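Colleague: I'm new to this one. Can you walk me through it?

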Amino acid sequence: MDWLARLGRSGLSFAARLGRANLLMLGMLRGLPQMIRRPRLLLEQLLSVGVLTVLIIAVSGVFVGMVLGLQGYYILSRFGAEATLGVMVAASLVRELGPVVTALLFAGRAGSALSAEIGLMKATEQLSGLEMMAVNPEHRVLTPRLMAGIISMPLLAAMFSVLGVYGGWFVGVGLLGVDEGTYWAQMQSQIDWSDDVLNGVVKSVVFGVVCTWIAIFQGYDCVPTSEGVSRATTRTVVHSSLAVLGLDFVLTALMFN
Amino acid sequence: MSKTRQIEILVGAFMAAGFVALFFLAMQVSNLGSINAGDSYKVLARFDNIGGLKEKSPVTLAGVEVGRVLDIYYDANDFRAVAVLGIYSQYANIPNDTFAKILTAGLLGEQYVGLDPGGSDEVLKEGSEIAVTQSALVLEEVIGQFIYGKAQEGAK
């Protein structure tokens, strides 16, 4: 009997959490008109969510591209197909690695910071303070953060892909001696703007929504103690990563079937 | 410089960098950008079969890239494919009886146009046509001929 009750309780609390997350999303979306009137709030969040994430994205992009160049060259040269190195690097970056790795790094760098910040705001009763002053904390605090995440993700993913392509170019053309013209020409003839690049952008927007939503919800919904905040931060990273990887499969199956 | 102005500049730079990256993906990585045929002259070459030749494939002479394939279309009058080769302007002294053939880089590599210069004093100019060409090697046909030949041998 006991385990049945436990199962029921966890099921109920899961459904309740899902409901709260959706209500929170609705509440944040309702804050949009207010945010448009005050773009300064969005600007500050773009700085902390987007700009400060650029460095880690740039460094990982270059290195992922360089590794793709090395690995791709190793395999392709066995078949005498080094000429397609550019296609291989660009396709894997634009379609998969760009959006996914950026989202994972974004969850680790920006998502965890968002959770911790909002969780601490809750623990130190700043959110309640806002409410006491008749300011809706969802609109004032959360909406700009959500929008900043949604705007930043596709831009970061695009930077990641471009730097990765140049990383692959550096290794393939610069070090291993693939023909420069072939590298770019094959890439341009095989990579399609709408099928490959735009679908990658759509993916990164979806990941941006999901990662930021999870981060904000975990922070907003945490137990307002130091332990609760730390748990919320951990859960943000774990849940975002799982959600990104799972959704990536679904999106890929839908887009590229 | 005030703090907000600094933030504005940083965010502006971030968004500009993001859009530049997207633009780069569009023009340089994918096929949205058109080929830059700036300093080149166009030469036509007719092939019976172009195999896997594509636009932007290289055109080489003695192994050195001297141009790119600009366009490929089908000529309904003589049932052949026409490849428009853009030869870079610095290679202006290619004889007009040059021989063009479609070659493959490696066994499975990409296909390209190889030029074998002839001995004529006249040179290729904008709009001139290469008279002698050799089609792409289609692997299935070669294997098919080989097997057919073997079978004939066996029948004797």
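Colleague: What order do the strands of the open sheet in chain B have?

Modeller: The order is S7-S1-S4-S3-S2-S6-S5-S8, eight strands with mixed pairing. Strands are DSSP runs of E of at least two residues, helices are runs of H or I of at least four, and both are numbered from the N terminus. Two strands pair if DSSP finds at least two bridges between them. Keep in mind that this is a predicted model, where local features need pLDDT of at least 70, side-chain atom pairs count only at pLDDT 80 or more, and totals for chains, interfaces and linings use all residues. Residues are numbered from 1 along each chain as its sequence is written, while chains are lettered from A and ligands numbered from 1 in the order in which they are written.

Colleague: Which strands stand at the edges?

Modeller: S7 and S8 (132-134) of chain B. Each has a single partner strand, so one side of each has no neighbour in the sheet.

Colleague: How do S1 and S4 of chain B pair, parallel or antiparallel?

Modeller: Antiparallel, over eight bridges. S1 of chain B covers residues 40-47 and S4 covers residues 80-88. For a pair to look at, B:Val43 has B:Leu85 in S4(B) as its bridge partner.

Colleague: And S1 with S7 of chain B, parallel or antiparallel?

Modeller: Those two run parallel, joined by two bridges. S7 of chain B is residues 129-130. There, B:Ala45 is bridged to B:Ile130.

Colleague: How many bridges between S2 and S3 of chain B?

Modeller: Four, in the antiparallel sense. S2 of chain B is residues 58-61, and S3 is residues 64-75. B:Val59 stands opposite B:Gly67 in S3(B).

Colleague: Zooming out, what pattern does chain B follow along the sequence?

Modeller: α-β-β-β-β-β-β-β-β-α. That is two helices and eight strands.

Colleague: What radius of gyration does chain B have?

Modeller: 23 Å, whereas a compact globule of 156 residues would be near 15 Å. The radius is taken over C-alpha atoms, and the globule rule is 2.2 Å times the number of residues to the power 0.38. Along the principal axes, the C-alpha atoms of chain B fill a box of roughly 95 × 45 × 30 Å.

Colleague: How much of chain B counts as buried?

Modeller: 24% of its 156 residues. Buried takes 20 or more other C-beta atoms within 10 Å of a residue's own, exposed takes 12 or fewer, and partly exposed is in between; C-beta atoms are placed from the backbone.

Colleague: Now the two chains together. How many residues of chain B are in contact with chain A?

Modeller: 29 residues of chain B, against 31 residues of chain A. Contact here means C-beta atoms, placed from the backbone, within 7 Å. On the chain B side, helix H1 (residues 3-29) gives the most, with 14 residues.

Colleague: What does A:Ile216 touch?

Modeller: A:Leu114, A:Ile118, A:Leu142, A:Arg145 and A:Leu146, not counting residues up to four places away in sequence.

Colleague: Last topic, helix H1 of chain A. Is it largely in the open or buried?

Modeller: Largely in the open, because one of its 29 residues is buried. A:Ser13 lies in this helix. A:Ser13 counts as exposed, with 10 C-beta neighbours inside 10 Å.

Colleague: And which residues of H10(A) are buried?

Modeller: Among them are A:Val229, A:Thr233, A:Val237 and A:Val244. Their cover includes H5 and H9 of chain A.

Conventions. Two residues are in contact if their C-beta atoms, placed from the backbone, lie within 7 Å.
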